[in-house]
Amino acid sequence: MPRIILRLIGQGILGLSINPWAQILTLTAVILVSFLVGLFLMAVTTLDHQLSMASGETSFQVYWRPGPDQAQSDEISRQWQEIQDIPGFLHGRTFTPEQALKEMESRLGRNSTVKDLTFIAENNPLPPTGLFAFSPPQDVQNLDYGIWIKDTSQKLWDLPGVEQVSVTPLRDELGQAWRKVNTYIMRPVIVFLTLLLGLIIGNTVRLALLSKSHEVEILQLVGAFNWYIRLPLLVCGAVQALAGSAIALVLLRFIHMQIRDVLMFPPLMLEIRFLTPEMILLMLAVPALMGLLGGWVGLKR
Amino acid sequence: MIEINHLSHNFGQHWALKDISFRLKKGEFLFLSGPSGAGKTTLLNLLFAALPVQRGEARVAEFALNSIKPAQIPLLRRQVSVVFQDFRILPERSVYDNVLLPLQVRGLSRVHSDRRVRAVVRALGLEKRSSLLCGELSGGEQQRVAVARAFVVNPQVLLADEPTGNLDAELSFRLMDLFKQFQAYGTTMIVATHSQELMRRHPEAKVIRLEDGMITGANWPGATLYPGLEQMMEQRRRTAPPQPKSTKQPEGAGS
């Protein structure tokens with residue numbers, strides 16, 4: 001029996017050469033759907049990671065007046081040290097105008113026509129900035145949270161030379177909003193795309209069955225059981241799904257390497273994260289299962 | 001081996017088989033004769049469960065076809081081989097692979113399968129052709145491949161639907177000789193044919209004549225003529241216009 005099953009699996013893999021155009025189209029569709037699922041999962045992973053990292057944080061983006069002289073710059077550097085002493089301070093990231101200009105230059109990237117910004121270095125228009133994360137004290141209740149933001153914000157406003165302070169809401173609230181989006185939009189979309197994957201593969205398997213109808217008839221005539229006839233077709237569907245999702249993962253990895261840092265600027269400071277190992281396994285296993293399931297349903301119809 | 005009792009089958013309003021009853025023992029040989037549309041193919045299709053039994057009873061190789069479950073049909077077909085007029089072989093595969101197919105399906109070992117395939121291919125004079133694709137063979141050779149595939153599993157029953165329909169007379173006689181050879185191993189055979197000549201050359205074979213789905217003639221008592229046959233024939237005689245000559249009785253048909 002294992003020998004028969006191995007032979008049938010081999011037949012299923014060789015069966016990919018039957019109707020090559022249909023197989024290529026299906027593979028393309030599988031890659032596309034898997035790629036979309038992967039993108040959604042990457043978004044989920046990135047935001048989940050960001051929220052878990054910043055859970056309970058409130059971020060204050062502070063802008064000082066541009067064009068400080070040396071004395072003002074020293075003063076601002078001193079203020080950055082002072083800010084760390086404000087109660088609830090967690091972490092911060094600061095940019096001097098020169099650092100901001102360098103960051104901007106690197107952001108403009110290789111594709112930009114303007115590769116060198118040294119010509120504006122002397123009259124640098126960028127302000128000194130800082131992104132500071134604070135955590136509200138444990139005793140602050142929901143009602144007092146607004147007051148705490150106002151107080152902290154005011155402390156920052158009161159620093160000499162500060163021109164603007166903007167506040168992002170508490171990340172827990174963002175987290176709740178994200179969880180709702182995840183539950184009501186992202187997950188249904190992923191489930192829908194997974195079902196679509198099964199449907200696409202099911203139809204291809206059915207097409208393969210129809211194109212092999214003469215062989216199937218002869219196999220039935222000589223006493224083949226249904227599983228014997230169907231197994232190669234199901235293997236064919238599963239292999240397609242597996243290959244499609246593997247190619248999609250490679251594409252996603254390549255794209256991730258290109259865009260990993262594109263959101264790494266204030267106030268977002270988001271590093272786009274690749275799928276977790278569990279998600280990669282799911283991305284391979286679920287399409288293969290859907291390929292089997294879709295193929296099975298396709299053969300049942 | 002084969003037991004049919006009051007078997008009837010209809011396709012919508014049309015009755016393809018009416019009250020068919022006969023019995024065959026192990027190793028017996030039966031010709032099913034009759035004009036086109038007489039019900040020969042329908043009867044054969046019922047005997048290997050390509051059609052479900054609607055009325056009556058049918059038992060083939062210990063399988064009660066009235067109550068056979070879909071999962072049992074492959075098991076029945078491992079006991080009952082079928083040969084068709086249009087061969088039903090895989091033209092893109094070699095002679096060897098076509099004959100090997102039923103053994104692969106049964107999961108027999110490669111060594112054992114190889115021995116059996118080579119023996120049957122040799123018996124049918126195809127050993128020099130065994131590596132050729134079936135699509136490259138002549139009609140007679142393709143029919144021999146179909147016969148080899150049927151016999152390679154030593155079936156208890158062989159059903160052949162117009163197996164000589166695409167062959168010339170010489171090849172037809174050779175094919176029937178092959179059938180008779182394999183019958184010697186105890187295979188029960190039913191061969192549907194139009195050919196009077198074939199039946200004449202095998203006078204020892206049992207014959208059933210079918211017309212309009214009814215048994216209208218048989219040469220042994222194991223088959224039952226259609227119960228209303230006499231009245232029906234009498235009615236036909238009364239209503240038919242006068243014929244210039246009397247019609248000839250079918251060969252071998254009688255009781």
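This is a predicted model: local features need pLDDT of at least 70, side-chain atom pairs count only at pLDDT 80 or more; totals for chains, interfaces and linings use all residues.
A residue counts as buried when its relative accessible area is under 20%, as exposed when that value is over 50%, and as partly exposed in between.

## Domains of chain A

The domain assignment divides chain A into two parts, with domain 1 made up of residues 2-52 + 173-300 and domain 2 of residues 57-169. The C-alpha centres of domain 1 of chain A and domain 2 of chain A are 45 Å apart.

## The interface between chain B and chain A

The size of an interface is often given as the accessible area lost when the parts come together. For chain B and chain A the buried area is about 1600 Å², and carbon and sulfur atoms give 63% of it. In chain B, the residues that lose the most area to chain A are B:R77, B:R88 and B:V105, which together account for 30% of what that side buries. The contact draws 23 residues from chain B and 15 residues from chain A.

Across this interface there are seven residue pairs in polar contact, with both residues of each pair at pLDDT 80 or more. On the side of chain B that touches chain A, helix 2 (73-77), strand 6 (80-84) and helix 3 (95-106) of chain B each supply at least two residues. Helix 3 of chain B gives the largest share of that side, namely five residues. Sorted by class, the side of chain B that touches chain A holds 13 nonpolar, three polar and seven charged residues.

Two salt bridges are found across the interface of chain B and chain A. In one salt bridge the side chain of B:R88 meets that of A:E217, at 2.9 Å from N to O; B:R88 is also among the residues of chain B that lose the most area to chain A. Another salt bridge is formed by B:R93 and A:E215, whose closest N and O atoms are 2.6 Å apart. Because B:R93 lies in the loop between strand 6 and helix 3 of chain B, while A:E215 belongs to helix 7 (residues 213-221) of chain A, this pair joins two chains. B:R93 has a relative accessibility of 21% and so counts as partly exposed, whereas A:E215, with a relative accessible area of 13%, is buried.

## Salt bridges over the whole structure

Side chains of opposite charge can pair when their charged atoms come close. Over all chains, a search of the whole structure finds 13 salt bridges, and the table lists some of them.

| Residue | Partner | N to O distance |
|---|---|---|
| B:R88 | A:E217 | 2.9 Å |
| B:R93 | A:E215 | 2.6 Å |
| B:R23 | B:E3 | 3.5 Å |
| B:E162 | B:K40 | 4.0 Å |

Within chain B, the salt bridge between the side chains of B:R23 and B:E3 has an N to O distance of 3.5 Å. This pair links distant parts of the chain, with B:R23 in strand 2 of chain B and B:E3 in strand 1 (residues 2-11) of chain B, 20 residues apart.

The side chains of B:E162 and B:K40 also meet in a salt bridge, at 4.0 Å from N to O. Here too the pair links distant parts of the chain, 122 residues apart: B:E162 is in the loop between strand 7 and helix 6 (169-183) of chain B, and B:K40 is in helix 1 (residues 40-47) of chain B. Both B:E162 and B:K40 are buried. In chain A, salt bridges that share partners connect A:E75, A:R78 and A:E82 in one network.

## A buried lysine in chain B

B:K206 is placed in strand 9 (residues 206-211) of chain B, and its relative accessibility of 18% is under the 20% limit, so the residue counts as buried. Its side chain is joined to that of B:E28 by a polar contact of 3.2 Å. Apart from neighbours within four places in sequence, B:K206 is in contact with B:L24, B:E28, B:F29, B:L30, B:F31, B:N219 and B:W220.

## Positive phi angles

Most residues other than glycine have a negative phi. B:D19, which is not a glycine, has a positive phi of about 50°; B:D19 is in strand 2 (residues 14-24) of chain B and, at 21% relative accessibility, counts as partly exposed. B:N154, likewise not a glycine, has a positive phi of about 45°. B:N154 is found in the loop between helix 5 (139-151) and strand 7 (157-161) of chain B, and its relative accessibility of 57% makes it count as exposed.

Key
Residues are numbered from 1 along each chain as its sequence is written. Chains are lettered from A and ligands numbered from 1 in the order in which they are written. Side-chain values use heavy atoms; hydrogens and water are left out. Domain bounds come from an automatic or database domain assignment. Helices (H or I, at least four residues) and strands (E, at least two) are DSSP runs, numbered from the N terminus. Buried means under 20% relative accessible area, exposed over 50%, partly exposed in between (1.4 Å probe, protein chains only). A polar contact is a pair of N or O atoms within 3.5 Å; within protein, one must be able to donate a hydrogen and the other to accept it, and residues adjacent in sequence count only if both atoms are side-chain atoms. Contact means heavy atoms within 4.5 Å. Buried area is the accessible area (1.4 Å probe) that two parts lose on being put together, summed over both. Ala, Val, Leu, Ile, Met, Phe, Trp, Tyr, Cys and Pro count as nonpolar, Asp, Glu, Lys and Arg as charged, and the others, Gly among them, as polar.
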